Amino acid sequence: MSLNHSKGRLVGLSRDLLRIWQETQDSWRDQKGREFDTVYMQPMFDAVDHAATAIDDLDKILNKLKDDCEF
């Protein structure tokens with residue numbers, strides 16, 4: 001499994017979860033719902049964004065390493 005495939009899967013599943021979470025928020029509008037969003041959901045979505053960026057960076061490094069080793 002390639003890094004790009006793994007990144008795509010991670011981002012896709014995160015989008016699916018975000019959509020479902022937004023639907024949940026339509027009916028869960030109290031303080032506990034907002035707290036859950038702040039404490040758990042938003043940090044997780046931020047972490048996925050950071051992980052996707054890190055995967056891109058790692059892929060670039062690995063490709064450069066591969067190119068350097070082929071010479």
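Predicted model: local features only at pLDDT ≥ 70, side-chain atom pairs only at ≥ 80, totals over all residues.
1. Helices here (H or I, at least four residues) and strands (E, at least two) are DSSP runs, numbered from the N terminus. Residues are numbered from 1 along each chain as its sequence is written, and side-chain values use heavy atoms, with hydrogens and water left out.

2. Now the overall fold. The protein has two helices and zero strands. Its radius of gyration, taken over C-alpha atoms, is 17 Å, well over the 11 Å from the globule rule for 71 residues, so the protein is more spread out than a compact globule. (The globule rule is 2.2 Å times the number of residues to the power 0.38.) The C-alpha trace spans about 60 × 20 × 10 Å along its principal axes.

3. A word on burial. Of the 71 residues, 15% count as buried, where buried means under 20% relative accessible area, exposed over 50%, and partly exposed in between (1.4 Å probe, protein chains only). Gln42 is partly exposed, at 33% relative accessibility. Gln42 also lies 9.5 Å from Leu18, C-alpha to C-alpha, although the two are 24 residues apart in sequence.

4. Salt bridges are worth a look in your viewer. Taking a side-chain nitrogen of Lys or Arg within 4 Å of a carboxyl oxygen of Asp or Glu, the count comes to four. One of them joins Asp56 and Lys7 at 3.0 Å, N to O. That pair links distant parts of the chain, with Asp56 in helix α2 and Lys7 in helix α1, 49 residues apart. Asp56 is partly exposed at 27% relative accessibility, and Lys7 is partly exposed at 22%.

5. Two further bridges sit within single helices. Glu23 and Arg19 meet at 3.4 Å, N to O; they are four residues apart in helix α1, so about one helical turn separates them. Glu35 pairs with Lys32, their closest N and O atoms being 3.8 Å apart, and these two are three residues apart in helix α2, again about one helical turn. Lys32 counts as exposed, at 53% relative accessibility, whereas Glu35 is partly exposed at 36%.

6. Finally, the loop. Trp28 is found between α1 (3–27) and α2 (31–69), and Trp28 is partly exposed, with a relative accessible area of 31%.
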